[in-house]
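Here's a quick briefing to read alongside the model. Have the viewer open and follow the residue numbers as we go.

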Amino acid sequence: MNPTDATLHTTTDAAVAWSLGDIVVRRIDEIALPAETGTWLLPGATGEVLDATPWLRPEFADAKAPLLVSHSFAVEAGGLRILVDTGIGNGKSRANPAWDGLDTDFDERLTAAGFAPDTVDLVITTHLHTDHVGWNTRLHEGRWEPAFRRARYLTARAEWDHWASVDLDPARRQMFADSVHPVRDSGQFDAVDVPEQGIEVADGVRLVPAPGHTPGQLAVELHGSSRSALITGDSIHHPVQLAHPHLTSCVDADPAQAVRTRNRLLTALADTDTLLLGTHFPQPTGGLVRRDGESGRYRLHAEPGTPVPVTVA
């Protein structure tokens, strides 16, 4: 994602959590993305489209554009601490001015939520884009090292194989050099085969294919003792794509496949008790998918989660 002047969150905000019974999901905020990001990323989400979808305002859109954020999900499941995507990261040299040289309190928020770096067991990367891998590493004595020294890092083999086979532009080469290769070089990185029906990687945690935005993108199903949830990755960038599933991102690798994936996921979620958790959705972030009038359109019935005070030592 592009444009400028992201908003840094502060430690006075609250963490938010959703209970699925024996699985708990916490949202760990990084930054609110600049307003221009929405119009750049989703060019079809025009003011007219937003006007025709009034339930998006004020939480998910302003007068002119969709609103987007960067955050991670911290999951407690089966006695493990699991992160799903790691945001943009601090101190990274990035072509996007809004992401270049960030200095946020994300790591303090993570620790305050009970996920101190050395307690994290598993990091799931839905896809290998810059705003999903940044906190994979931290700078130590002039070198980028894995931020989560005890963790395994997982992504789909189809995703890894794709990026390993293409010529990377300079910005993406930089991202791989500072946020992906150090993890692979440390022996902590696993590329896993993800069949059509998905694969369980921890108790109640299943990776499922969600291609289109990238060739090997994943979504993450969570199956707790009382209910289930789906973490979208970038298969659904914004709630406007519930009302208009045909709207594609300007950075989708295969827009037609992205639409097919989105329709498949929304059809499965519609009118169920499964919670949708959007990787770039602003607060309230989560909700239930409900059919909305004409065929193929949906809306989000928000479930904001439970605020949890952030305490930083």
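Let's begin with one stretch of the chain: residues 69–280 have their end C-alpha atoms 5 Å apart, and the span is 24% helix and 26% strand. The UniProt record, an unreviewed entry, puts the annotation "domain: Metallo-beta-lactamase" on residues 69–280. Keep in mind that this is a predicted model.

**Overall build**

- The protein comes with seven helices and 18 strands.
- Why does 18 Å agree with a compact globule? For 313 residues, such a globule would have a radius of gyration near 20 Å, so the 18 Å of the protein fits.
- Along the principal axes, the C-alpha atoms fill a box of roughly 55 × 45 × 40 Å.
- Take the contacts between residues at least 6 apart in sequence: 70% of them join residues at least 24 apart.

**Surface and charge**

- Of the 313 residues, 54% are buried.
- The protein exposes about 12400 Å², and carbon and sulfur atoms supply 50% of that.
- On the charge side, there are 26 positive and 42 negative charges, and their mean positions sit 2 Å apart.

**Cis peptide bonds**

- Arg57 and Pro58 are joined by a cis peptide bond, with omega at about 5°. To find Pro58, look in the loop between helix 2 (47–51) and strand 4 (69–77).
- Gln283 and Pro284 are also linked by a cis peptide bond, this one with omega at about 20°. Pro284 belongs to the loop between strand 15 (275–277) and strand 16 (286–291).

- Asp85 isn't a glycine, yet its phi is positive at about 65°. You'll find Asp85 in the loop between strand 5 (80–84) and helix 3 (106–112).
- Is Asp85 buried or exposed? Its relative accessibility is 1%, so Asp85 counts as buried, the cut-off being under 20%.
- Thr285 is another residue other than glycine with a positive phi, near 70°. Thr285 sits in the loop between strand 15 and strand 16, the loop that also holds Pro284.
- Thr285 has 0% relative accessibility and therefore counts as buried.

- Where is Val251? Check the loop between helix 6 (240–243) and helix 7.
- Val251 is partly exposed, because its relative accessible area of 33% falls between the 20% and 50% cut-offs.
- Setting aside neighbours within four places in sequence, Val251 is in contact with Trp40, Leu41, His129 and His213.
- If you're checking distances, Val251 and Gly212 are 39 residues apart along the chain, and their C-alpha atoms are separated by 9.9 Å.

**Asn263 on helix 7**

- Asn263 is part of helix 7, which runs over residues 255–269.
- With a relative accessible area of 28%, Asn263 is partly exposed.

Definitions and conventions
Residues numbered from 1 in each chain as written. Predicted model: local features only at pLDDT ≥ 70, side-chain atom pairs only at ≥ 80, totals over all residues. Heavy atoms only, no water. Helix = DSSP H or I, 4+ residues; strand = E, 2+ residues; numbered from the N terminus. Rg over C-alpha atoms; globule rule 2.2 N^0.38 Å. Buried < 20%, exposed > 50% of the residue type's maximum accessible area, 1.4 Å probe, protein only. Contact = heavy atoms within 4.5 Å. Areas by Shrake-Rupley, 256 points an atom, 1.4 Å probe, with all protein chains shown as cover. Lys, Arg positive; Asp, Glu negative; His and termini not counted. Charge placed at Lys NZ, Arg CZ, Asp CG, Glu CD. UniProt positions renumbered as here; feature names shortened; annotations may be inferred.
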